[in-house]
Amino acid sequence: LKCFHNELLSELEKKVELDARYLTAALKKYQMEHKSKGESLEKCQGELKKLRRKSQGSKNPSKYGEKEMQVSPLLSSYSHNIFTLIILHIVSLKISDISLD
């Protein structure tokens, strides 16, 4: 019986170690993706801000309005992608918490 307990514990320790490695790798991947998408979002927001400033002082604001219309969906898409990435990360953490129990 004691031998069985030792085998069981060693198998569980191995699984916990593998889960910890997986979670560490998943966290690094998530952080890299989040950083990349965040940088893209910030770049797009900066571009939109610049276009809005240019259009306010311009003689031909419709020229910049068209560019703003092109950038706005991209900004929305980046925001949606980041939101989805965060939700997926939260769900994966919840699933891994369940599997560890």
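With a relative accessibility of 79%, L1 counts as exposed, since the cut-off for that class is a relative accessible area over 50%. In this predicted model, L1 is found in the segment before helix 1, a helix that covers residues 2-56. L1 also takes part in a nonpolar patch on the surface, where F4, L8, L9 and L12 are the other members, and together these residues present about 550 Å² of accessible area.

A search of the whole structure for salt bridges returns two. In one of them, the side chains of K14 and E11 meet at an N to O distance of 3.7 Å, which falls within the 4 Å cut-off for such a contact. Both K14 and E11 lie in helix 1, where a separation of three residues places them about one turn of the helix apart. E11 is classed as partly exposed, because its relative accessibility of 40% falls between the limits of 20% and 50%.

The side chains of E17 and R21 likewise meet in a salt bridge, here with an N to O distance of 2.6 Å. E17 and R21 are both located in helix 1 and are four residues apart, again about one turn of the helix. The two partners are assigned to separate accessibility classes: E17, with a relative accessible area of 43%, is partly exposed, whereas R21, at 51% relative accessibility, counts as exposed. In general terms, side chains of opposite charge can pair when their charged atoms come close.

The largest pocket holds about 170 Å³ of space, and its lining is made up of Y22, A26, K29, Y30, E33, L85, L88, H89 and S92. Helix 1 and helix 2, the latter covering residues 61-100, each supply at least two residues of this lining, and the largest share, five residues, comes from helix 1. When the lining residues of the largest pocket are sorted by class, five are nonpolar, two are polar and two are charged.

K67 and E47 are 20 residues apart in sequence, and their C-alpha to C-alpha distance in space is 9.9 Å.

Terms used
Residues are numbered from 1 along each chain as its sequence is written. This is a predicted model: local features need pLDDT of at least 70, side-chain atom pairs count only at pLDDT 80 or more; totals for chains, interfaces and linings use all residues. Side-chain values use heavy atoms; hydrogens and water are left out. Patches are made of residues with over 30% relative accessible area and no salt bridge: like charges are joined within 9 Å, nonpolar side chains (Val, Leu, Ile, Met, Phe, Trp, Tyr) within 5 Å. Accessible areas come from the Shrake-Rupley method with a 1.4 Å probe; for residues, only the protein chains shown count as cover. Buried means under 20% relative accessible area, exposed over 50%, partly exposed in between (1.4 Å probe, protein chains only). On a 1 Å grid over the protein atoms alone, a cavity is a set of points where a 1.4 Å probe fits but cannot get out, and a pocket is an open set with protein on both sides within 12 Å along at least five of seven lines; lining residues have an atom within 4 Å of a point. Grid points are joined across faces, edges and corners, and a volume is the space filled by probe spheres set on the points. Ala, Val, Leu, Ile, Met, Phe, Trp, Tyr, Cys and Pro count as nonpolar, Asp, Glu, Lys and Arg as charged, and the others, Gly among them, as polar.
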